[in-house]
There are 2 protein chains.
Amino acid sequence: MAIADDLDLNSYCLETAQKAQAASRVLATVSGQAKNDWLKASAAALREAYDSIAEANQQDIENAPKYGLTDAQVDRLRLTKDRVEGIAGALEEIAMFPDPIGATIESSVRPNGLAIQKIRVPLGVVFFIYESRPNVTADAAAICVKSGNAVILRGGKEAIHSSQAIVQILQDKAVEYGIPADAIQLVSTTDRAAVGHFLKLNQYIDVAIPRGGEGLIRRVSEEATMPVIKHFAGNCHVYVDQSADLEMAVDIVVNSKCHRYGVCNAAESLVVHQTVAEKFLPMIADAFAEKNVEMRGDEATCKIVAAAKPATEEDFYAEYLGPIISVKVVGSIEEAIAHINQHSSKHTESIVTESLAASRQFTAQIDSSAVMVNASTRFNDGGEFGLGAEIGISTDKFHARGPCGIEALTSYKYIVMGEGHVRQ
Amino acid sequence: MAIADDLDLNSYCLETAQKAQAASRVLATVSGQAKNDWLKASAAALREAYDSIAEANQQDIENAPKYGLTDAQVDRLRLTKDRVEGIAGALEEIAMFPDPIGATIESSVRPNGLAIQKIRVPLGVVFFIYESRPNVTADAAAICVKSGNAVILRGGKEAIHSSQAIVQILQDKAVEYGIPADAIQLVSTTDRAAVGHFLKLNQYIDVAIPRGGEGLIRRVSEEATMPVIKHFAGNCHVYVDQSADLEMAVDIVVNSKCHRYGVCNAAESLVVHQTVAEKFLPMIADAFAEKNVEMRGDEATCKIVAAAKPATEEDFYAEYLGPIISVKVVGSIEEAIAHINQHSSKHTESIVTESLAASRQFTAQIDSSAVMVNASTRFNDGGEFGLGAEIGISTDKFHARGPCGIEALTSYKYIVMGEGHVRQ
């Protein structure tokens, strides 16, 4: 698996995709037991191979200045013993989930006696393009194989040696358990043009999943000839209703904004009912001052909070991914809902309220993948939802929405049992 | 709703899509009762308005020669009293289905007490492009609105007066029941370029559904910037296993092939196990001779059936939509499965067998939207599956597969109830 930048890219990509499809056909009939045994054996092998993984990782660390990585980025790249333990633990956790494949989703017996079952099946081949840390390599392979799909992994060049070491172990163990090694392929070239080639191969690849910055996702969406599970920005809102418990509201807003700044389910916008604005805004302003979070407010906000800067219309659309939040005061819950539905990226919104009617109205009318009541936006996450590891959080409505776990990578087919039935 | 061919197409399409999106937001919160009342009132109004519908239909019939329609096509265009009764009855049937919107698909309470519900929601706006008979206009509008979606209907020019008469009635009744008239819009221009404009408007349209010939579906797939539910060819197979009841096999093959020739779930290919070929092929050849069905067989078939013509490799991929069938003799069920997975369009395949093991192997390994055991391929149909009316039969695996009824036009969102929950 050398990094060959001068190979014939087109035929390399075609061959990779064809091998993935062939592997997916075998994988579709591999038992759940074999897949789980593979996951557990891989976890053990990763722990055992720590030294050689660390060695590969060291190469990536040494190359980091070449890619202009910041200290924080280098730190995220580093595979400590704890982090490899985390990767192994995640595989074991995925092994414990029920096998989705072959499960009956619905069934009925028709008046004419035909017995109809709707059965869960894999999608086929997943093309996963990511920019993230090496742990994502193992997570993605595990989720895809557990759901019966072959995966083509296209990781960031910054982590390629670490990813190669991990994939090698997963492949070696796969073969031991009757899973084709080609079910887990890492793209061995770092040539950006490879992505474009793969995105044309809809005859072999069933879904493309980009995970990373907006530029990557936009490029994949535009070039892909197969369906894409997209994850655009998270401009998440917290709305503090007139009936909110204001202490609770401070906790939820601070947690939503400050728990981690760089994540898609962090709050970027605060909406406050005017009845409580005079009391609540100074409370939250104090909390934000402590955390050095900048408030960018509308006129009403700036009147109440001296430290707030005036917000532009752009601010209300912004995903800051940092210690800044936009603030808007509204006259009614209807205005809050309209403001949010207009500006949000349909990822996660939260209402803080003690009113049953307000909670019902907000959850019914907000059009986002997750709508929280009296809870932090940070809970929109596969792990927190009990879906296990996730391959992304979809901001689409089609096929999969919100955290995408194992089931998001499946389709279904109908099995119909008759006794010589013909149509009249 | 005049047919204006010279209007500014671009802005007409944009405005239509924007009105649809605005309507979809209102429609998402309309009660199931209101939608069902609308369906029933529309059915009654269609019956009552038979004379004016027939008058509009007469215009289409008179224009038919201009479009070069065949007699059979003109016949399908004609709205007799019986056919309008059929349209009305279909609306009443859709009214009887449970409302999918707001239903809880799954729910759980997490260890930390967060209560998570996965709730069914509409997709939003459907752009439906079809070439078929005027009854499809009413069916599609009913399925879309029942599932909470606004629809932009782009019907064939041959039926435009009939479709306009039907849509006018549906819109008039919609307003009476609190459903925005813009939830059901018929594209008033027959300019082909309009389709291209709509396919660019992914900001307003959530899914495009083409229904018609392969050329239309290919064009829509290629031009669409939003997801597409595709329905490509139906090259359906019947496999007669070595353990088949041969009388039953004749009935199922004949029904699958001859019940209706021009439909996507008609059989186009017959696969026979060599053990029974010498006995079965003459039986089916007699039955086909009676129906004037031409057999195109491989070498083994042609040896047994004198009347069979030699099949080319192209024959095994063909969707004839007429009285022709390809025939292949295989040495094993594995060979049958490999042949089918290679040549089929993944629509519908059927096995005739008395063997439990063979039925399990076939249903597990065949990768098609519906796999039948001892039943005609003709049963792959929304009505036969108990899904109610269908908007098409998807040959995709993504989002929706097989007959697409009301649920295929929905997505979901997560509603999360906390009591001040923040993430640790």
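At what angle do helix α2 (residues 32-48) of chain A and helix α7 (residues 160-176) of chain A pack, and how far apart are their axes?

## Basis of the model

This is a predicted model, in which local features need pLDDT of at least 70 and side-chain atom pairs count only at pLDDT 80 or more, while totals for chains, interfaces and linings use all residues. Residues are numbered from 1 along each chain as its sequence is written, and chains are lettered from A and ligands numbered from 1 in the order in which they are written.

## Two helices in chain A

Helices α2(A) and α7(A) pack at about 135°, and their axes are 9 Å apart. Angles run from 0 to 180 degrees between N-to-C directions, with axes fitted to C-alpha atoms over the stretch in contact. The angle makes α2(A) oblique to α7(A) (under 35 degrees is roughly parallel, over 145 roughly antiparallel, 65 to 115 roughly perpendicular, and the rest oblique).

Residues meeting across this pair include W38(A) and L46(A) in α2(A), and I166(A) and L170(A) in α7(A). In contact means C-beta atoms, placed from the backbone, within 7 Å.

## Contact between the chains

Chain A and chain B each put 49 residues into their contact. On the side of chain A that touches chain B, α10 (246-258), α14 (356-365), β13 (370-375) and β16 (410-421) each supply at least two residues. Here helices (H or I, at least four residues) and strands (E, at least two) are DSSP runs, numbered from the N terminus. The most comes from β16(A), with 11 residues.

β13(A) also pairs with strand β16 (residues 410-421) of chain B, in the parallel sense over five bridges; pairing requires at least two DSSP bridges. M372(A) stands opposite V416(B) in β16(B).

Methods: Contact = placed C-beta atoms within 7 Å.
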